[in-house]
Amino acid sequence: MSASHGHEDHEEHKHHSWVFYTIIAVILGVITFIELGPLFEWFDLPAAALIALSVLKFFAVVAFFMHLWDDPPVFTQMFVAPLVGGLLMVTVLMVLFHTFRPGAFDDSVAVVERYGDIYNKPCNSWLRSHRTQRLYCASPPLDKNRVAYLGYTKIDADKNGVLDPIEMPIIKEIDDGGLGDEFNALGSEEERIAFLTEKGKELYALNCQSCHQENGQGVSGQYPPLAGSDYEGFQTAEGHATIVLKGLNGKIVVKGEEYNGAMSAYSGLLTDAQIAAIVTYERNAWGNNEGWIAPAQVAALR
Amino acid sequence: MSASAAEHHHGITTTDAESHHYAALGVDHLKLAFWIFLGSDCFFFGSLIGTYMSYRGKSLVGPYPLDVFDVNVTSISTFILLMSSFTMVLAVLGAKTGKRMMTMTFLLVTAALGASFVGFQVYEFNHFFHEGLTLQGNLFGSSFYTLTGFHGTHVAIGVLWLLIETFWYGRGWIRGDEGLAVEIAGLYWHFVDIVWIVIFTIVYLLEYTT
């Protein structure tokens with residue numbers, strides 16, 4: 001930009017005619033129309049083509065409607081520099097969250113091979129939570145009638161998004177580090193209850209605490225409390241263990257408050273001994289004194 | 001800053017104090033500042049888009065995008081916003097060439113198109129909510145509502161701006177360069193449109209590719 005550029009030059013700045021703008025608008029319209037092809041199933045377009053088309057639209061609006069093509073370059077610089085910065089930030093976030101490498105997670109291939117016969121639901125990429133060691137499908141295929149995976153919940157397209165419980169396959173390979181054997185080796189009932197309560201506390205922190213909270217109070221209106229629960233399914237240890245095994249969906253009332261959520265089924269994620277430990281812990285923590293359950297009883301409930 | 005540059009700058013600000021505020025770069029202060037604001041808004045939407053893309057396809061429970069999307073609503077509202085950019089540029093053309101009726105007409109048409117885009121979004125949010133998609137329900141809900149909600153807010157602010165602009169313009173209340181005032185409103189409007197071009201692609205279109 002020369003120093004002489006100033007008021008006079010600005011006034012003489014040429015304007016495009018409405019014809020020019022109409023041509024640009026028609027081009028933008030046509031590109032958008034092409035982009036709608038996959039939406040209405042007229043034809044398929046790869047993601048790269050859709051991104052290229054939108055970049056073209058972006059460029060046309062910025063260059064000709066926002067006049068960066070004709071305006072002094074300093075405006076372009078002021079806009080493009082932060083735009084590039086923003087794009088860089090988006091890219092870094094996506095790299096950090098593995099968006100660019102579906103299916104490339106450390107254990108994804110091994111998991112599919114190992115559990116392929118059980119987890120026969122298609123999935124683009126499997127993830128194992130580092131915190132809970134639970135598996136979940138990070139990138140399910142895009143299918144209207146897709147059901148979920150790994151015993152979480154499924155959406156039935158015909159039921160308008162109402163959550164249904166699904167049958168959970170039993171995974172024989174779950175390894176709890178010999179919890180059941182340790183339990184069986186203990187002689188007295190007191191020792192067994194103390195053992196389950198101790199192990200249950202650790203397992204509770206990993207599997208249950210994020211919703212029901214460390215103090216067992218849950219979250220008002222979202223996750224029901226376990227401390228002092230008056231829910232009918234909680235009254236017997238068997239009923240309690242059944243909820244952990246099969247999950248729970250729909251409206252319930254606990255301690256006078258209504259909850260309408262969905263709890264995951266844990267039958268495929270935890271062993272009998274682990275579930276017995278969790279249930280025993282929950283029934284004896286936070287002032288609860290509701291008895292206990294043995295792994296063999298949990299096995300009978302599967 | 002050197003002495004000569006300071007004098008140069010001083011000379012310009014005294015002669016053009018009423019109508020233009022040229023920076024030492026030789027361009028209008030206000031317009032330059034507005035482009036810098038748009039640059040900062042790139043970061044704002046960049047963070048929301050980055051978050052959306054990071055969480056994309058990682059919801060553990062539904063509803064998933066294809067469970068709730070309505071292609072008709074999305075297509076119509078996208079075309080409306082795109083065409084509003086066209087009417088906006090015509091309003092700017094009118095203001096730059098001193099055609100007052102043209103300017104006011106197209107400003108109002110643009111505001112009306114923008115308002116109907118917001119209306120479609122309200123309808124869409126309402127529809128999605130009844131399908132079970134909530135702000136707290138899953139990753140898709142949280143990131144979708146935050147991203148498109150902030151965009152919708154930008155559009156709503158733009159509609160207000162255009163209406164006020166039309167009124168002031170019609171009354172002759174705008175001090176200084178009227179063409180510039182309309183042009184800057186136009187820059188904001190087009191920016192909101194290009195953000196939607198990106199959102200439309202990554203949130204909606206990408207769900208329909210194989």
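The largest nonpolar core in this predicted model has 74 residues, and the members touching the most others are Ile49(B), Val89(B), Ala91(B) and Val195(B).

H7(B) gives the largest share of the core, with 18 residues.

Ile49(B) makes a handy place to start exploring. Setting aside neighbours within four places in sequence, you will find Ile49(B) in contact with Val90(A) from the other chain's numbering, and with Leu147(B), Val198(B) and Ile202(B).

Now for chain A as a whole. Its 302 residues, of which 31% are buried, include 11 helices and six strands. Among the chain A contacts with a separation of 6 or more, 52% join residues 24 or more positions apart.

One residue of chain A deserves a visit of its own. Ala194(A) sits in helix H7 of that chain, which spans residues 189–207. Is Ala194(A) buried or partly exposed? Ala194(A) counts as partly exposed because it has 14 C-beta neighbours inside 10 Å, and a buried residue would need 20 or more. Thr280(A) lies 86 residues from Ala194(A) in sequence, yet their C-alpha atoms are 9.2 Å apart in space.

How values were computed:
Residues numbered from 1 in each chain as written. Chains lettered and ligands numbered in written order. Predicted model: local features only at pLDDT ≥ 70, side-chain atom pairs only at ≥ 80, totals over all residues. Core = buried A, V, L, I, M, F, W, Y, C linked by C-beta atoms within 7 Å. Buried ≥ 20, exposed ≤ 12 C-beta atoms within 10 Å, placed from the backbone. Helix = DSSP H or I, 4+ residues; strand = E, 2+ residues; numbered from the N terminus. Contact = placed C-beta atoms within 7 Å.
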